[in-house]
Amino acid sequence: AGRCGPAHRRRTVPSLLRELAEKRQLSEEIVSLLQAQFSDLPRELHSWRQMADYSPEMRQFACLLHLYHIKAYDYLRKILPLPHPYSLTNWLSNNEAAAGFSSDIFLRLQEKVERGDQAYRYCAVLVQDVSLRKQQEWDPQTKRLTGFADLGAGTLDADEAPLASEAIILMAVGMSSPWTAPLGYFFVSSTSGRFLAQLLRQAINKLNNVGIVVLAVTSGASARGAETARALGIRIDPKRTQCTFQHPPGSARSIAYFFDVCHALQLIRNALQCFQKVEWLGGTMWWQHVVELAALREQRVLEPCHSESGVAGSEGSYHLKVNLATLLFSEGVAEALEHLQKLGLASFQNCSGTVKFVRLMSSLCDVFYGGGLYGKDPLLAGNYTKISNLFDEAKSFFVNLTDSVGRYIIKSKRRLGFLSFLLNAESLKWLSSNYTCPEGTPSHHLHTHAFSLDPLEQFLRALRQACGSSGSPTCAVFQAAYHKLLASCSLAPGSPHRSGSASPWDISLSRRRDLTLGSIRAQYRPAPARTVAAEYPHSAGLLLPSCALSNALTDLSLYTRSLTCTAGWVAEHLALDLQCEACLASLFEADESRLRCRSVLYIKKLGGVSLPSASVHHVTSISEQVLNWYGKVGGANKNTKLWHLSLEQKVFQELLGESPLFPTLTNHLFERELSIDNHYTVLVKEITRCYLNIRTNPAQHLNLKYPCGRHRLKRLKGNHLFPSPLGICQSS
């Protein structure tokens with residue numbers, strides 16, 4: 001600390017704080033909180049200098065002042081004997097699951113580094129806030145009031161102290177291996193970008209101290225995220241982008257900054273929706289094309305003569321159906337728009353500009369999420385040239401986008417989503433050129449999962465489950481849930497949090513659910529009540545347990561049709577909630593010769609019910625056999641969950657050793673280390689469960705109004721021919 005002159009000796013700590021407030025280096029709120037919380041601290045400056053050690057109150061005072069305003073802290077260090085900011089890192093740490101940095105997590109990370117585990121050499125730091133319910137509570141164990149702000153150095157529990165309204169959570173994510181480590185949390189009543197910037201620097205300090213190099217920081221693409229970036233020294237300007245910041249300040253070590261990709265996509269979606277059309281040199285993107293695609297009604301496709309049999313039409317008919325699980329910014333949407341334009345549908349004429357925009361965004365998503373031309377690891381050295389060219393194209397594209405009156409989008413109030421992608425592109429290029437190993441080198445490469453908040457969202461989802469309530473938790477509930485989750489936290493790569501069963505891919509799909517065609521349809525055409533096709537109850541009645549015809553099976557062809565229609569209803573029912581485009585497409589018998597992308601499906605129908613795929617039909621057939629074999633066993637309570645689980649188990653036993661199901665979902669079968677809980681196995685389980693529920697509780701699931709008996713399926717009449725090779729769609 002600097003020496004004090006005569007003028008300084010006459011000043012007191014409260015007068016210094018008031019002086020800082022007048023200079024607008026501290027807010028009135030913080031000054032009032034400091035004066036109320038630390039009223040017992042010495043007022044005279046000389047009393048501070050005479051102290052041999054820092055009391056808990058002085059530590060708390062220093063931590064709070066440093067986090068909320070670094071310049072004010074640096075100013076007071078010239079007058080008061082306040083410690084160097086690096087010393088505050090340990091004061092912000094705690095054991096167990098108290099607020100602050102988790103000492104146990106950092107100790108375990110240090111042990112892995114000291115053992116020479118290269119997977120823990122590099123990481124990114126993610127930051128996100130969680131809303132809390134303001135509530136003051138008495139803790140009988142500590143015999144203290146809780147619910148106040150707590151930054152790790154102690155609860156701010158003065159009468160004037162505000163209650164905490166948010167928890168700031170920090171997480172480290174491996175860059176070359178998918179490990180995650182919750183670093184800690186902080187209860188705050190209000191926050192700012194400058195506060196988060198100081199918190200991030202403290203986290204980086206602690207990680208550096210245990211031997212881990214931080215390469216990147218990721219925050220939400222929000223006003224607070226942008227303020228945090230600027231406070232760290234990031235410049236978000238297409239003409240003068242600064243994608244890295246120095247840490248420590250003034251050093252030669254740089255750290256890249258990313259905005260969450262999902263948030264950025266949502267902002268771009270909002271911009272397109274508000275502007276309705278955006279233009280650039282030689283093209284126009286119309287939002288209405290996307291709306292028309294999402295709202296497209298099911299269309300019956302006229303069938304040509306079958307070339308082999310020469311018979312016009314077929315027993316069923318194909319219907320064109322939009323896959324509502326398709327993501328807006330995907331190659332599937334681009335191909336669907338092109339396909340519908342070729343079919344001659346008036347709503348999709350002149351959509352080439354929309355296709356170009358969607359295709360560009362799809363390529364950017366492939367880079368940041370891993371996929372498409374770049375594979376699961378787009379940061380491999382061999383991809384650098386392709387990615388760099390794509391980013392240059394995107395930048396030229398975004399900076400020239402204008403609205404309907406010629407104003408540049410990049411300068412409008414809807415610019416943050418586009419600016420986020422431009423910043424992310426520069427950060428990714430910087431990382432690729434500085435940290436990606438040359439092709440063929442036997443070393444780790446960098447993954448892109450750390451450039452979004454998906455890993456942190458997976459932890460937060462498990463945390464919400466542990467809280468046990470749907471609303472915002474109180475500080476006490478949050479702390480108890482965090483303690484429970486931390487006790488089972490494993491730092492091993494790819495290990496899930498035990499309280500949450502969702503995979504990283506499921507989390508990513510869930511976060512992007514409002515970026516699907518289904519969400520767009522819901523905005524413009526609210527979903528009607530779920531109903532069963534009018535023809536379906538007639539056929540479903542054949543499978544009711546009380547139906548004599550079902551047991552006698554006097555008409556095997558009719559029974560087979562009935563089973564097929566039931567399986568088709570199962571497929572339609574599951575399709576309402578599926579978020580995976582590939583899984584939804586695999587449910588139906590579809591004609592893939594027309595369009596290989598799964599965003600538009602040509603589904604075969606019979607009697608108004610979609611015909612299921614062969615795999616769905618096989619699973620339901622086995623389920624029906626099991627029900628016939630074991631459903632008549634006496635003495636068992638058939639309304640218990642245990643009985644249903646035993647039936648499911650027997651279905652799985654019958655399926656073991658059978659031919660592979662869902663040939664289009666082979667990738668899903670091997671997508672996770674714990675393949676027992678991937679999309680492939682979950683889909684088989686859900687089909688079985690849905691079918692058994694329908695068969696054992698038909699009235700509850702189908703609302704059947706018809707008595708059991710023989711009903712004739714409605715057959716499609718007429719021979720439908722294509723008048724041209726492309727075919728014509730007509731409303732069914």
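Q: What's the strand order in the open sheet of 8 strands?
A: The order is β1-β2-β7-β6-β3-β8-β10-β9, and the pairing is mixed. Strands here are DSSP E runs of at least two residues, helices are H or I runs of at least four, and both are numbered from the N terminus. Two strands pair if DSSP finds at least two bridges between them.

Q: Which strands stand at the edges?
A: β1 (93–94) and β9 (244–246) do. Each has a single partner strand, so one side of each is left without a neighbour in the sheet.

Q: Before we go on, what kind of model is this?
A: This is a predicted model, where local features need pLDDT of at least 70, side-chain atom pairs count only at pLDDT 80 or more, and totals for chains, interfaces and linings use all residues. Residues are numbered from 1 along each chain as its sequence is written, and side-chain values use heavy atoms, with hydrogens and water left out.

Q: Back to the sheet. Do β3 and β8 pair in the parallel or antiparallel sense?
A: Parallel: β3 (residues 122–131) and β8 (residues 213–219) share 5 bridges. Tyr122 has Val213 in β8 as its bridge partner.

Q: Which helix lies across β3 and β8?
A: α10 (residues 223–232). It also lies across β6 (166–174), β9 and β10 (254–259), and runs at about 165° to β10.

Q: And the hairpin of β11 and β12, how many residues sit between the strands?
A: There are 2, and Gly282 takes a positive phi near 90° in that hairpin. β11 (277–280) and β12 (283–286) pair in the antiparallel sense over 4 bridges. Trp280 stands opposite Gly283 in β12.

Q: Switching to helices. At what angle do α11 and α14 cross?
A: Roughly 170°, with the axes of α11 (261–275) and α14 (352–369) coming within 11 Å. Axes are lines fitted to C-alpha atoms, for helices over the stretch in contact, and angles run from 0 to 180 degrees between N-to-C directions. The two are therefore roughly antiparallel (over 145 degrees).

Q: Which residues meet there?
A: Val261, Cys262, Leu265, Ile268 and Leu272 in α11 meet Phe357, Met361, Cys365, Phe368 and Tyr369 in α14. Contact means heavy atoms within 4.5 Å.

Q: Last one: which residues of α13 are buried?
A: Gly332, Val333, Ala334, Ala336, Leu337, His339 and Leu340. Buried means under 20% relative accessible area (1.4 Å probe, protein chains only). The buried residues pack against α12 (287–294), β14 (317–322), α14, α20 (517–524) and β15 (600–606).

Key:
Parallel < 35°, antiparallel > 145°, perpendicular 65-115°, else oblique. Buried < 20%, exposed > 50% of the residue type's maximum accessible area, 1.4 Å probe, protein only.
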